[in-house]
Amino acid sequence: MRPSLFAALSAPLVVSGLLALPAAAHEGEHRQAGAHVHGVADLALALDGQTLTVEFESPLDSILGFEHPPETKVQTEQLEAALAQLRDPGALIQIPAKAGCTVTTTPDIDLPPGFTGPPDKTAAAPDHDEAHDHDDGDHEHHHDHANIHLSHSLTCKEPAALTDVTVTAFRTFTRLRTVKVAFLSDRTQKADSLTPERPTLSWR
Ligand SMILES: [Zn+2]
């Protein structure tokens, strides 16, 4: 599992240290990021040269309308539909087309134990919640809150043209009311709380 930008964002903003983070392993660190408030999600964009990392963390309630592992066919389909949407960064953000950013890898999607994730993530699931390290034979134990965390990696041909981001997640996931957005590069740091009425953050 990959450490989170959000953990770095709560520390003093040192971009070089932030971008070095993927080399340091602190499993589960992102679970400590921010308070769990339904309707409120975190979004971080970090630009390093031509590489744009986009991280998103949200209560599952805001994405699915429930926070327990799917118990019905309908809930399983809701989860699969949400994951399919989240594999496209366009479900979360719109950035200037002239920046020429394209997805370079499949996104890293982290879900709590018991959820059916993408096949390549199931092996990592037992590490997610150290407080619940018992064998998950009974989903009734998981009555607590749950987050989804994901990370996209993009390559941008013209990173200088990356001047703003508009949160499209409000349209994709209508339960979202606030997205706390941060942008970091070697030249710029900007953060704001965005809403469906004011979904754009500009840094130039
Ligand atoms: Zn919750």
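Set aside its neighbours within four places in sequence, and L45 is in contact with L52, V54, V165 and F183. The model is a predicted one.

L45 also belongs to the largest nonpolar core, which has 43 residues. Together with L43, L52, V167, A169, V179 and V181, L45 touches the most other members of that core. Several elements give two or more residues to the core: β1 (40–48), β2 (51–59), α3, α4, β6, β7 (164–167), α5 (169–172) and β8 (178–184). The largest share comes from β1, with six residues.

One of these contributors is α4. Helix α4 spans residues 73–86, 14 residues in total. From its first C-alpha to its last it reaches 20 Å, close to the 20 Å expected at 1.5 Å a residue. L79, L83 and L86 are buried in α4. Seen down the axis of α4, the buried residues fall within an arc of 65 degrees, so they line one face of the helix. They pack against α3 (60–64), β5 (108–110) and β6 (147–156). The face of α4 turned away from the buried side carries exposed residues: K73, V74, E77, A81 and A84.

Now to T51, which sits in strand β2. Is T51 buried or partly exposed? T51 has 15 other C-beta atoms within 10 Å. A buried residue needs 20 or more and an exposed one has 12 or fewer, so T51 counts as partly exposed. Not counting residues up to four places away in sequence, T51 touches S153 and T155. P159 lies 108 residues from T51 along the chain, yet their C-alpha atoms are separated by 8.3 Å.

Key. Residues numbered from 1 in each chain as written. Predicted model: local features only at pLDDT ≥ 70, side-chain atom pairs only at ≥ 80, totals over all residues. Helix = DSSP H or I, 4+ residues; strand = E, 2+ residues; numbered from the N terminus. Expected span 1.5 Å × (residues − 1). Arc of directions from axis to C-beta. Contact = placed C-beta atoms within 7 Å. Core = buried A, V, L, I, M, F, W, Y, C linked by C-beta atoms within 7 Å.
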